[in-house]
Each structure stands twice: as structure tokens, then as C-alpha cells.
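Open the structure in your viewer and keep the selection tool at hand. The stops below say what to select next and what is there.

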Amino acid sequence: MNLKTMKRSTKSNLITFGIVIAFYIIIQLLSAGDFLTNSFSGQLVPICAYVILAVSLNLTVGILGELSLGHAGFMSVGAFSGTLVWVTASNTMPSPLALLLSFVVGGLVAGLFGFLVGVPVLRLSGDYLAIVTLAFGEIVKNVMNACYLGYDSKGLHFSLKDSASLGLEEGGKVLINGAQGITGISKASTFTVGIVLVLITLAVILNLVHSRAGRAITSIRDNEIAARSVGIPITKYKLMAFVTSAVFAGVAGVLYSLNYSSLVAKKFDYNTSIQILVFVVLGGIGNLRGSLIAAAVLTVLPEMLRSMNDYRMLIYAIVLIVAMIFNQSPQMIALRNKLTANFRNKKGAHTKQKKGVA
């Protein structure tokens, strides 16, 4: 990377960080002046969570060039693991330390699942990869709906039947109660914590994108065959991007879950994955700053239109369509062409196979 390119990327990164910091300062000033409504104040932590999710997914979809629809699954495993740590540790250690531990565990568990899923799945591409990652998200949701976990003096108890099957002693506590999830969570997420996590996410992902590894990942997106021919380890860099994306999805899941008093698996269904993908597409595939802005705006927009109840979702849909028409980034066009080419290749192979059988 030459000096001119480095200066341009540094300037772009500073602008991105400046937008986040300016947003935080403006919100703090408005809050101090009591100009924020309760509805908008309640959206601040989810905005931060969705920004992290959108930026991290853009690493897989925009920078790596692979379509993943399982981001809600990584968000779910991170949310449940991190929340369990918070519920059990918040009473035995200082709250800041317990909160930090929750985010670390949530991110690591999500990253572990990202690695386990990524090793076999990243051998696929296009719609195959999208279908498998979507299935992963649905599997996680259904498993968590059927999961019962509790503890007593004898340790942890697990069941897939019901809470009575846990066989807890008197005074034992149910941690995960099937479809009811985790209840009685003491809220710990704040807007300040969310902004700090957004800045950390941007720092890590922007540094990765502009590093040597990031250039290798981009080359895989542009032409995997050419990248392989010059000795770039395809699997290594694909896993690097995929696992990093999963780690921050898990962190966002913990941030999101600790903003509420209960956590249920149905919050992380395929609609959530599609919603995050919408943020990425409308912000610009490969444009991390665009993902940040799109996630913030589209999270608040439905609440801003709530007074127009009869036409709220119609206006929201029109905004999405208009944004997609005018946001035809080169990365988005490349991804669409890649998916189309994969479909045509499979269709051609299927036709040849039928002719051969005939």
C-alpha cells in the first residue's frame, strides 16, 4: 500500500470514528437537556448492537464476498452464553468485571461456533453457503427453545424435556427455561458501553481490512482462482474473516440481551438475519461507514413513523426500495454477478447431466 492510499484510508477511518463520537456527544447533550423521548432513548442500545452486527456482517458479505444468512445464529449463541455469565457472576464479582467477562465469553463462544461452522461451510459458495448458514441459525434457535439448564449444590443440570426433569434440589435455580429463555436479567447495557463496543468493532475491522490480510481477503472476493494461483491460502483468510465476523456478532448479542429483563431464542430468527443483511445492502456492500449509518437510521425509522400507523411499513418499504435502486456499489454488483454465475453453472451442469442420462 503506497503512502497516498494510506493517507486516504486513514482520513476515511477518522471520519468514520468522528461520526460515531459526534453522535454520542449529540445524544448526551440532548439527554442532558431532556429533549429525548422515552421511545428514542430505548432505541439507543439496540442501535449500537445493530451497528456492530451490520459492520461485522459486511466483513463477510462485502469484504470477503460470501453471502451469509446465519448472523442471527452467532448473535444468539453469544447472547445466551454471555447472559449466563452475567446472571451467575454479577452477584459474586464487581459489575464492571462481570460485564467485561460476559462480552468476552459471548464473543469467544460465537467465534468458536464460527470456526466450527466455517471449516466445512466455507468450502461452499453462493446460494449453497447462504442456505447452510441460514439453517445454522434456525438450528440454534430450535435447540435453545428446547434447552433447559439449571444449577444447585451438585452443579449444572441439563435437559431437553422440561424444567422438572432437571431434578434440582431445594433452592436450585433454573437458568434457561426452554422457550421462556432466561428471565430475571438485571439490565447492564448502556449507551456508553454500546458506543465503546462500536468503536472497538470499527477499530478491529477497519485495521483488518486495510492490513495485508485484508488485501488478501479482498483479492479472494475479486477472483478466488487468481488468488489461489499466487499462493494465497484461501481457507485461512476465509476463516479469518468469517470467525472475526462471528465474534462481533456474539458481542452484539450480549449487548442486546443485557438491555432487557428476559432473553428468548425467537428474537434471533431468520428475520433478524435478513434485517442485518438489509442494513449491509442499503449501506453499501463493502462500505463499513455506510453499514453504520444504515443500521442507525433504519433502526430508528420505524419508531419515527409510528404516528403514521396505517402507512408506517409502506413508507419503510418504499425507503428500502429507493435506497436499493440508487445504491448500486461495485461490490454489490460483483456479488450479484457471482451468485448469478453460480446459478447458471449449476443449471448448465444439471442440463448436461440430464442429456447424458438420456
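**Stop one: H8 and H10**

Select Ala213, Ala216, Ile217 and Ile220 in H8, which meet Ile234, Tyr237, Lys238, Met240 and Ala241 in H10; contact means heavy atoms within 4.5 Å. By class, this contact of H8 with H10 has eight nonpolar, no polar and one charged residues. Here Ala, Val, Leu, Ile, Met, Phe, Trp, Tyr, Cys and Pro count as nonpolar, Asp, Glu, Lys and Arg as charged, and the others, Gly among them, as polar. Now show H8 (residues 212-222) and H10 (residues 234-257) whole: their axes come within 10 Å and cross at roughly 105 degrees. That makes H8 roughly perpendicular to H10, a term for angles of 65 to 115 degrees. Axes are lines fitted to C-alpha atoms, for helices over the stretch in contact, with angles from 0 to 180 degrees between N-to-C directions. Helices are DSSP runs (H or I, at least four residues), numbered from the N terminus.

This is a predicted model, in which local features need pLDDT of at least 70 and side-chain atom pairs count only at pLDDT 80 or more, while totals for chains, interfaces and linings use all residues. Residues are numbered from 1 along each chain as its sequence is written, and side-chain values use heavy atoms, with hydrogens and water left out.

**Stop two: H3 and H11**

Move to H3 and helix H11 (residues 270-283), whose axes come within 9 Å and cross at roughly 75 degrees. H3 is thus roughly perpendicular to H11. Residues to select in H3 are Tyr50, Leu53, Ala54, Leu57, Asn58 and Val61, which meet Gln275, Ile276, Leu277, Phe279 and Val280 in H11. This contact has nine nonpolar, two polar and no charged residues.

**Stop three: the core**

Which residues have the most contacts inside the largest nonpolar core? They are Phe80, Ile176, Ile182, Leu255 and Phe268, in a core of 98 residues. Helix H3 (residues 44-64) gives the most to this core, with 16 residues. A nonpolar core is a set of buried Ala, Val, Leu, Ile, Met, Phe, Trp, Tyr and Cys residues joined through side-chain atoms within 4.5 Å. Buried means under 20% relative accessible area and exposed over 50% (1.4 Å probe, protein chains only).

Centre on isoleucine 176: leaving aside neighbours within four places in sequence, its contacts include Phe80, Met144, Tyr148 and Ile182.

**Stop four: a loop**

Finish at aspartate 34, in the loop between helix H1 (3-32) and helix H2 (38-42). Aspartate 34 has a positive phi of about 60 degrees although it is not a glycine. This residue is exposed, with a relative accessible area of 67%.

Note on methods: Helix = DSSP H or I, 4+ residues; strand = E, 2+ residues; numbered from the N terminus. Parallel < 35°, antiparallel > 145°, perpendicular 65-115°, else oblique.
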